[in-house]
Amino acid sequence: MTLTGQVISSKAGKFSVKTDECEIICSAKGSLKIKGDGICVGDKVEVEGNVIVSVFKRKNRLYRPNVSNVDAAIIVAADLPEPDFYLIDKFISNAYLDGIPCVIAVNKVDISTKTYERILENYSTCVEKIFSVSAKTGEGMDDLLLYLKDKTCVFTGQSAVGKTSIVNYLFNRDYQTGEVSEKTLKGRQTTTSSRIFEERGVKIVDTPGFSALNIDLLKKDIPRSYPDFERFSTQCKFSDCRHIGEPDCAVKKAVDENMIGKDRYSRFLEIYKNAKENKDYGKKN
Ligand SMILES: Nc1nc2c(ncn2[C@@H]2O[C@H](COP(=O)(O)OP(=O)(O)O)[C@@H](O)[C@H]2O)c(=O)[nH]1
Ligand SMILES: [Mg+2]
Ligand SMILES: [Zn+2]
């Protein structure tokens with residue numbers, strides 16, 4: 001008998017597949033594993049016994065983190081650990097290239113709203129929406145929940161910003177969370193693999209999040225990976241303008257006229273300068 005379901009988590013070559021009736025731990029048919037793209041959390045699959053025998057065509061696929069069939073990515077940020085704007089920039093670019101809309105949820109606003117204000121300044125024109133929330137007090141959660149309703153959203157962001165805490169709050173659960181180390185002020189990685197949680201029409205993919213090491217873009221892709229540059233870049237003199245100093249660059253002009261943030265643009269130049277020419281990283285987690 002063949003069942004259909006969705007991969008809700010994966011670990012060490014085993015996949016949890018949720019069907020209408022039950023959850024089955026599966027392995028994958030050999031030919032699926034070697035097909036290059038593999039199987040990822042979010043995939044809709046066909047199962048025979050305990051074996052995934054086929055993967056349905058994906059609506060989309062995000063590589064960092066590795067998930068498919070999502071409606072949006074929620075970037076979670078907070079005061080602590082301090083936000084890394086380079087990471088957020090790169091994440092937005094990656095998602096944009098993969099065709100996935102982004103929103104930002106600034107968590108821990110019970111401590112301070114400083115990060116929320118900085119995120120508003122930097123990203124208002126880059127993402128669909130910016131929420132201010134607290135998993136501790138529940139502030140802002142109604143608005144976030146309204147957005148999440150009837151969607152599948154992947155939560156991403158630095159460790160310890162509170163991704164799992166938000167899932168716990170929304171679903172009234174008690175999944176394991178981590179601490180921000182007092183010594184390094186960096187987060188500990190508590191969530192070690194991605195997993196889909198589902199309740200009342202809300203599907204959230206909780207992930208271990210990203211770090212500087214596992215999110216990178218190719219140099220050639222960067223100039224067209226900025227959603228907020230798009231409405232200007234069509235007017236650049238050269239259709240392949242990289243916006244790094246070419247004549248009659250409409251993006252640079254927009255920066256001079258404060259239509260694009262100066263900080264966002266200077267980080268863009270830095271990211272471009274440091275990007276790799278060639279793909280020497282694997283497209284997996
Ligand atoms: N003050 C405050 N602390 C929070 C909030 N959300 C999470 N935390 C704390 O931040 C730490 C990391 O949370 P966790 O959910 O594991 O972060 P994750 O790594 O992004 O999943 C934990 O100690 C939480 O108690 C919040 O809204 N306010
Ligand atoms: Mg977590
Ligand atoms: Zn340009």
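Helices (H or I, at least four residues) and strands (E, at least two) are DSSP runs, numbered from the N terminus. By this assignment, Arg-200 is placed in the loop between S12 and S13. This is a predicted model, in which local features need pLDDT of at least 70 and side-chain atom pairs count only at pLDDT 80 or more, whereas totals for chains, interfaces and linings use all residues. Residues are numbered from 1 along each chain as its sequence is written, chains are lettered from A and ligands numbered from 1 in the order in which they are written, and side-chain values use heavy atoms, with hydrogens and water left out.

- For polar backbone atoms, the distance to an oxygen atom of ligand 1 is 3.0 Å at Gly-162 and 2.9 Å at Thr-164.
- The protein buries 87% of the 590 Å² that ligand 1 exposes when taken alone; accessible areas come from the Shrake-Rupley method with a 1.4 Å probe, and for residues only the protein chains shown count as cover.

**Aromatic rings and charges**

- Eight aromatic pairs are found in a search of the whole structure; rings of Phe, Tyr and Trp (its six-membered ring) pair if their centres lie within 6.5 Å, and planes under 30 degrees apart count as stacked, over 60 as edge-to-face and the rest as tilted.
- Phe-229 and Phe-268 form an edge-to-face pair, with 5.2 Å centre to centre and 80° between the planes.
- This pair links distant parts of the chain, 39 residues apart: Phe-229 is in the loop between strand S13 (202–206) and helix H6 (230–233), and Phe-268 is in helix H8 (residues 262–274).
- Both Phe-229 and Phe-268 are buried, where buried means under 20% relative accessible area, exposed over 50%, and partly exposed in between (1.4 Å probe, protein chains only).
- Tyr-226, Phe-229, Tyr-265, Phe-268 and Tyr-272 are linked by ring pairs into a cluster.
- The charged end of Lys-219 sits over the ring of Tyr-272, 4.9 Å from its centre; the criterion is NZ of Lys or CZ of Arg within 6 Å of the ring centre and within 35 degrees of the ring normal.
- Lys-151 lies over the face of Tyr-147, at 3.9 Å from the ring centre.

**Backbone features**

- The peptide bond from Arg-64 to Pro-65 is cis, with omega near -10°, and Pro-65 lies in the loop between strand S6 (61–62) and strand S7 (67–68).
- The peptide bond from Leu-80 to Pro-81 is also cis, with omega near -5°.
- Although not a glycine, Asn-172 has a positive phi of about 55°, and Asn-172 counts as exposed because its relative accessibility is 70%.
- Arg-200, likewise not a glycine, has a positive phi of about 40°.

Conventions. Polar contact = N/O pair within 3.5 Å; in protein donor to acceptor, adjacent residues only side chain to side chain.
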